[in-house]
Amino acid sequence: PISCKVGGQLFVLGLVALMMAIGLTHLNDCPVNSLIPIYLIASGGLYIAWLAIEICCDQCEYPNLKIYTRIFLSLSGIGLYIAGNIWIYGAWEEVETREKILNNDNFCNPW
């Protein structure tokens, strides 16, 4: 049987995969701010890196490496979270998602 920890990690990994897939699929579909899809991809990559460190360095020969890598990924994640919120909420008033205005520069594909 799968433990709760592993089940939770698999669930979040599925969400992260969806986040990255949406970012990759709509990489050029958000002219209001082209950094939003990149934010989705980078956030997903950070979580996958965190998960890889958790799995691969469980019996790590260099425990400090795991700690420093966690600190780096945490600080990168916080910075990316702040930047992503600025990009998303900065475009909040300008973005249009209706199909009839697809050619508008303020369009951003909602899905």
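Helices, in the description that follows, are DSSP runs of H or I with at least four residues, numbered from the N terminus. Under that definition, the elements of the protein chain run α-α-α from the N terminus on. The model is a predicted one, and its chain holds three helices and zero strands. Of the 111 residues in the chain, 22% are buried. Where contacts join residues at least 6 apart in sequence, 57% of them link residues at least 24 apart.

The packing of these helices can be taken pair by pair. Two packed helices are described by the angle between their axes and the distance between the axes. For helix α1, residues 4-25, and α2, the angle is about 150° and the axes are 8 Å apart. Angles over 145 degrees count as roughly antiparallel, and α1 and α2 are therefore roughly antiparallel to each other. Their crossing is left-handed. On the side of α1, the contact is made by Gln 9, Val 12, Leu 13, Val 16, Met 19, Met 20, Ile 22, Gly 23 and Leu 24. On the side of α2, the contributing residues are Pro 37, Leu 40, Ile 41, Ser 43, Gly 44, Gly 45, Tyr 47, Ile 48 and Leu 51. By class, the residues of this contact of α1 with α2 comprise 13 nonpolar, five polar and no charged.

Individual residues give this contact more detail. Leu 40 lies in helix α2. Apart from neighbours within four places in sequence, Leu 40 is in contact with Met 19, Met 20, Ile 22 and Gly 23. Leu 40 and Leu 27 are 13 residues apart along the chain, and their C-alpha atoms are separated by 9.6 Å. In helix α1 one finds Leu 10, which is partly exposed, with a relative accessible area of 48%. Between Leu 10 and Leu 51 there are 41 residues of sequence separation, while the C-alpha to C-alpha distance is 10.0 Å.

The next pair is α2 with α3. Helix α2 covers residues 35-56 and helix α3 covers residues 63-90; they pack at an angle of about 160°, with their axes 10 Å apart. That angle makes α2 roughly antiparallel to α3. The crossing in which α2 passes α3 is left-handed. From α2, the contact draws on Leu 35, Ile 36, Tyr 39, Ala 42, Ser 43, Leu 46, Ala 49, Trp 50, Ile 53 and Glu 54. From α3, it draws on Lys 66, Thr 69, Arg 70, Leu 73, Ser 74, Ser 76, Gly 77, Leu 80, Tyr 81, Gly 84, Trp 87 and Ile 88. The residues of the contact of α2 with α3 divide into 13 nonpolar, six polar and three charged.

Helix α2 takes part in both of these contacts. The 22 residues of α2 should span 32 Å at 1.5 Å a residue, and its end C-alpha atoms are 31 Å apart, which agrees. Its buried residues are Ile 36, Pro 37, Tyr 39, Ser 43, Gly 44, Leu 51, Ile 53 and Glu 54. What covers these buried residues of α2 includes α1 and α3.

Ser 43, a residue of helix α2, illustrates this arrangement. Ser 43 has a relative accessibility of 15% and so counts as buried, the cut-off being under 20%. Setting aside neighbours within four places in sequence, Ser 43 is in contact with Met 19 and Leu 80. Met 19 is listed among the α1 residues in the contact with α2, and Leu 80 among the α3 residues in the contact with α2.

With 28 residues, α3 reaches 40 Å from its first C-alpha to its last, close to the 40 Å expected at 1.5 Å a residue. The buried residues of α3 are Lys 66, Leu 73, Leu 80, Ala 83 and Gly 84. What covers them includes α2.

Conventions
Residues numbered from 1 in each chain as written. Predicted model: local features only at pLDDT ≥ 70, side-chain atom pairs only at ≥ 80, totals over all residues. Heavy atoms only, no water. Axes fitted to C-alpha atoms, helices over the stretch in contact; angles between N-to-C directions. Helix = DSSP H or I, 4+ residues; strand = E, 2+ residues; numbered from the N terminus. Parallel < 35°, antiparallel > 145°, perpendicular 65-115°, else oblique. Left-handed = near helix turned anticlockwise from the far one by under 90°. Contact = heavy atoms within 4.5 Å. Nonpolar A, V, L, I, M, F, W, Y, C, P; charged D, E, K, R; others polar. Expected span 1.5 Å × (residues − 1). Buried < 20%, exposed > 50% of the residue type's maximum accessible area, 1.4 Å probe, protein only.
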